[in-house]
Amino acid sequence: MTSAPLPERPSLIVSILSAESRTAAPPPALRRLLTEREAAIAELVAAGWRDHEIAARLHISPNTVKHHLKSIYQKLGVHSRVELAGLLLR
């Protein structure tokens, strides 16, 4: 489980329970909108990983992760990690 404050509401703590057996791969219709790197980052976000953890795993900087997330949010019409995870885990 990962817990963190929401950036837009620091007093609100959100917890995400990661289930190893459940895949968070984007459905094919959404997958076509994303690059390979964006899809990998989206999957890790949906699994509850933080930016610095994703960066370490993919050997990129945390700022690069943030840049990809902005692009993912725009392409998929979401505004937060929670919305992204919900979209991918449906």
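**A tour of the salt bridges**

A search of the whole structure finds four salt bridges. A salt bridge here is a side-chain nitrogen of Lys or Arg within 4 Å of a carboxyl oxygen of Asp or Glu. This is a predicted model, where local features need pLDDT of at least 70, side-chain atom pairs count only at pLDDT 80 or more, and totals for chains, interfaces and linings use all residues. Residues are numbered from 1 along each chain as its sequence is written, and side-chain values use heavy atoms, leaving out hydrogens and water.

**Stop one: E36 and R31**

Select E36 and R31. They form a salt bridge, with the closest N and O atoms 2.4 Å apart. E36 is exposed, at 64% relative accessible area. R31 is partly exposed, at 22%. (Buried means under 20% relative accessible area, exposed over 50%, partly exposed in between, with a 1.4 Å probe and protein chains only.)

**Stop two: K75 and E38**

Now select K75 and E38. Their closest N and O atoms are 2.8 Å apart in a salt bridge. K75 lies in helix α4 (residues 62-76) and E38 in helix α2 (residues 36-46), so the pair ties together parts 37 residues apart in sequence. Helices (H or I, at least four residues) are DSSP runs, numbered from the N terminus. K75 is partly exposed at 35%, whereas E38 is buried at 4%.

**Stop three: K66 and D51**

Move to K66 and D51. This salt bridge has its closest N and O atoms 3.9 Å apart. K66 is in helix α4 and D51 in helix α3 (residues 51-58), 15 residues apart. K66 is partly exposed at 41%; D51 is buried at 15%.

Technical notes
Helices (H or I, at least four residues) and strands (E, at least two) are DSSP runs, numbered from the N terminus.
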